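Good morning, and thank you for making time for this presentation. I shall speak about the contacts within one structure, and I ask that you keep it in view as we proceed.

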Amino acid sequence: MLYRETGQFKTSYANDMVIFPIRQDRIGVYLLLGFAFIVLPLMMAFHVAPFRTDYFLLAILLPFLILSLAAIGVNILVGYCGQISLGSGAFMAIGAYMAYKFGTGISEIGLPPMPIVIAILLGGLSAAFFGVLFGLPSLRIKGLYLAVATLAAQFFFDWVFLRVKWFTNYAPSGSVSAPELKFFGYLIATPVEKYMVALSFLTLFALVAKNLVRGNIGRQWMAIRDMDIAAELMGIRPLVAKLSAFAVSSFIIGIAGALWAFLRLGTWEPLAFDINRSLELLFMVIIGGLGSILGSFLGAAFILMLPIFLTVLPAELGVPITTETVSHLQNVIFGAMICFILIKEPLGFARLWQIGKEKLRMWPFPY
Amino acid sequence: MSATAAINSADTRAVTNEVLLAVENVTLRFGGVTAINGVSFDIRKGEIRAIIGPNGAGKTSMLNCINGFYHPQEGRITYKGETRQRMRPHVAASQGIARTFQNVALFNGMTTLDNIMTGRTLKMSANIFWQMLRLGPALADEIKHREYCEEIIDFLEIEAIRKTPVGRLPYGLQKRVELARALAMQPDLLLLDEPMAGMNLEEKQDMCRFIIDVNKTFGTTIALIEHDMGVVMDLSDRVVVLEYGRKIADGTPDEVKSDQKVIDAYLGVSH
Ligand SMILES: Nc1ncnc2c1ncn2[C@@H]1O[C@H](COP(=O)(O)OP(=O)(O)O)[C@@H](O)[C@H]1O
Ligand SMILES: [Mg+2]
C-alpha cells in the first residue's frame, strides 16, 4: 500500500501533465538521479565493490548509457512515428565522423578545431541532415520497402567512411582517434569522468525526448503511426511529421555515435557502426518497448546484460561454455524473445513494467 | 471562443439560408467504377444535412471529396465562398472541416485525451525548440488546449476514460471519442459517417443527443450519413438521397419520405 496516488489531488492541468504524476515515482526518479550522479561516481572513485577494476564501468555502464541514448533516438523514429529503420548504425557513424571532423578542424573551408561539445552537437546536426535526406522515401513508401531504403543508407555510409579518406583525415590505417576531450576547459581522461559526460548527455536528451513525445509534435508522430489517413484529414502533414521524426531521431543517434566513438572507443574504424549495430539498436527498442522512453533504457540494459549473464551463470554453475557458444546462444535468445514479444506483448518490457505498477497500486487488494 | 461560453450563450438553433458548402456536378470514378455521377447539392450554414442511400451509393466517397481525400474528375466544390476543383486534406482541415469515419479511425496507441488533443494540432503555435523544453509558449499551449479538450470531454461525458488507451475501449465509446476528436478541431462543418452504426439503442440515443447538442450549442453545421431512417427523420433539416452514385431526391425529411423514387430504392423495386 506504499505505492498509491490516493490523496494526491491534481489542482491544475499543469500538475496533471508532469512526467511522473504519482509522487512515489517522482521520489524514485530523484533517488535514481542522485544515485547515478553522486553515489556511483563516489563508489567508482573509491573503487567499491563492482568498481574494483574499471571493467564494469567501461564495458557495461558506459555502453549502457550511450546505447540507451541511441535507443531513445531509434525509438522516436520506429516506436513513436512508426517508420522502420535499419540505418541507425550509419547515423551513429555520421555523428562520430562529423564530430571528429569538426573537432579536428576542417582546413579546406578554414574551420579551426571546434570545442568538443560543439563538435559533438554538430556531429548530431550532420546526422539529422542526412536523416532527413534518407527519410524522404518515407513519404512514398512504408514498412518493408522503407526498411530496405534505410538499409541502403547503412551500406552507403559504411562504404563512404571506408573509402572517402577525407573523413579519416587521410589516416593511412583508416582508423581515427578522438581529439583531445576538453569539456569546457576540463580535460576528460579517467573512466569516471567519461561516465559523467555520458550520463549528462543521456539525462539531458532523455528529458528533451520525453518532452517532445508528450507534446504537440509527439502526438503528430503517433497519429501518423497509428492511422496516417485520419491524421492527414485532421491537418497533420505527413511531410512535417515524418521528416521531423527522422531529424530528431538521427540527431540523437548521431550524438550517441559521437559519444560512442570519443568516450567508449577512443580509436575506431567504420566497422564499429555496421549493420550489426543497427540491428542491435532495433532489438533494444523492440524488446524494451516500442513507443516508450523507459523501454529504451530497459532494452539497452537487457541486450548488454544478456551476454554477461550467459557467460557468468554457467561458470558459476560449473558448466563452462565457450564464448562461441555464448554468442550463438545469445542470437537464439534474441530471436526467440523478439518473436515472443512481437506476438504476445508488442509494447515490450515497458508494458510489463506498467502492468506491474498497476498491480502494485491495487496491492494487497487486487479488486 | 471557449466551449462553455458557447454553451451558455446559444440555445436556439441558427439555421440560415447562407450556403456554407456547394457541390456542383461532381463525378468521381475509380477505374471503371463511377462512384459519384454528376451530383449537386448544398449545405446551409447551421443545418443538419443528412445524406442517405443504400450501401455503395457513394455517400462515403462524397465526404471524401468534400474534405479533399478523393479528387473528383469533374465538378466543383465551393466552400465558404471559395470554389475549387479539388480540396486538399490539410487545407480542408485548416478551414474548419472535420470528420468521423465509418470504420472508427482512432489513434489506437494513444489515450483518449491525446486523441482529442491531436484535434488541436493546427491551433498550437509553439515551435519545436520550446516543445523540447516544454516551457514558455509550449507549456502555455499544452495547458490552454488541455482546458479546451476537457470541456469537450465534459460535454460528451467521457471523463472516466480520459487516460485510457482508446484501443481498449468498447466500440460505442470509441465512436464517441472520435466525435470528441473532431469537435476539438472547432469545426465549422462536421462530417459524420454513420456515427451510430453498430450501436445499441441506448448508445444511439446518446449519440443523437450529442449531435443535436453540438449543432445547437456550437452552431456547427453537420453533414450526416445514417441508415436508421427514424434517426434521419428526427435529426435532419434536409436530406439528400443517393443511389448508384446519382442523386435521386433532395428535400425536407417529409418530402423525401413520400418520394416514390426513394421508396423504390429502399424497398428494392426493380429498375
Ligand atoms: N478507394 C476506392 N477504390 C475503388 N473503389 C472505391 C473506392 N472507394 C469507394 N469505391 C467504390 O465506390 C462506390 C461507392 O462507395 P462508398 O462511397 O463507400 O459507398 P457508401 O458509403 O454509400 O456505402 C462503391 O462501388 C465502392 O466500391
Ligand atoms: Mg460508406
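Let me begin with a definition: a polar contact is a pair of N or O atoms within 3.5 Å; within protein, one atom must be able to donate a hydrogen and the other to accept it, and residues adjacent in sequence count only if both atoms are side-chain atoms. The model is predicted, so local features need pLDDT of at least 70 and side-chain atom pairs count only at pLDDT 80 or more, whereas totals for chains, interfaces and linings use all residues. Residues are numbered from 1 along each chain as its sequence is written, chains are lettered from A and ligands numbered from 1 in the order in which they are written, and side-chain values use heavy atoms, with hydrogens and water left out.

I turn to the ligand. Around ligand 1 we find Phe30(B), Ala35(B), Asn55(B), Gly56(B), Ala57(B), Gly58(B), Lys59(B), Thr60(B), Ser61(B) and Tyr70(B), where a residue is listed if one of its heavy atoms lies within 4 Å of the molecule. Gly56(B) places a polar backbone atom 2.8 Å from an oxygen atom of ligand 1. For Gly58(B), a backbone N or O atom is 3.0 Å from a ligand oxygen. Ser61(B) instead uses a polar side-chain atom, 2.6 Å from an oxygen atom of ligand 1.

Next, the domains of chain B. The assignment, which is automatic or taken from a database, gives domain 1 (1-96 + 189-271) and domain 2 (108-186). Their centres, taken over C-alpha atoms, are 26 Å apart. Contact, meaning heavy atoms within 4.5 Å, involves 24 residues of domain 1 and 15 residues of domain 2. The buried area, that is, the accessible area (1.4 Å probe) that two parts lose on being put together, summed over both, is about 1,500 Å² between these domains, with carbon and sulfur atoms giving 71%.

How many salt bridges cross the interface of these two domains? There are 2, a salt bridge being a side-chain nitrogen of Lys or Arg within 4 Å of a carboxyl oxygen of Asp or Glu. Arg209(B) and Glu157(B) form a salt bridge at 3.4 Å, N to O. On the side of domain 1 that touches domain 2, helix H8 (201-218) of chain B is among the elements giving two or more residues, and H8(B) has the largest share, with 9 residues. Helices here are DSSP runs (H or I, at least four residues), and strands are runs of E of at least two, numbered from the N terminus.

Finally, the two chains. Their contact takes 36 residues from chain B and 29 residues from chain A. Gln131(B), Met132(B) and Arg134(B) supply 19% of the area that chain B buries against chain A, more than any other three residues. The area buried between the chains is about 3,100 Å², of which carbon and sulfur atoms give 64%.

Between the chains there are 3 salt bridges and 10 residue pairs in polar contact, both at pLDDT 80 or more. H6(B) gives the most to the side of chain B that touches chain A, with 5 residues.

Over all chains, the structure holds 26 salt bridges. Lys163(B) lies in the loop between H6 and helix H7 (171-183) of chain B, and Asp16(A) in helix H1 (residues 13-16) of chain A, so this pair joins two chains. The closest N and O atoms of Lys163(B) and Asp16(A) are 2.8 Å apart.
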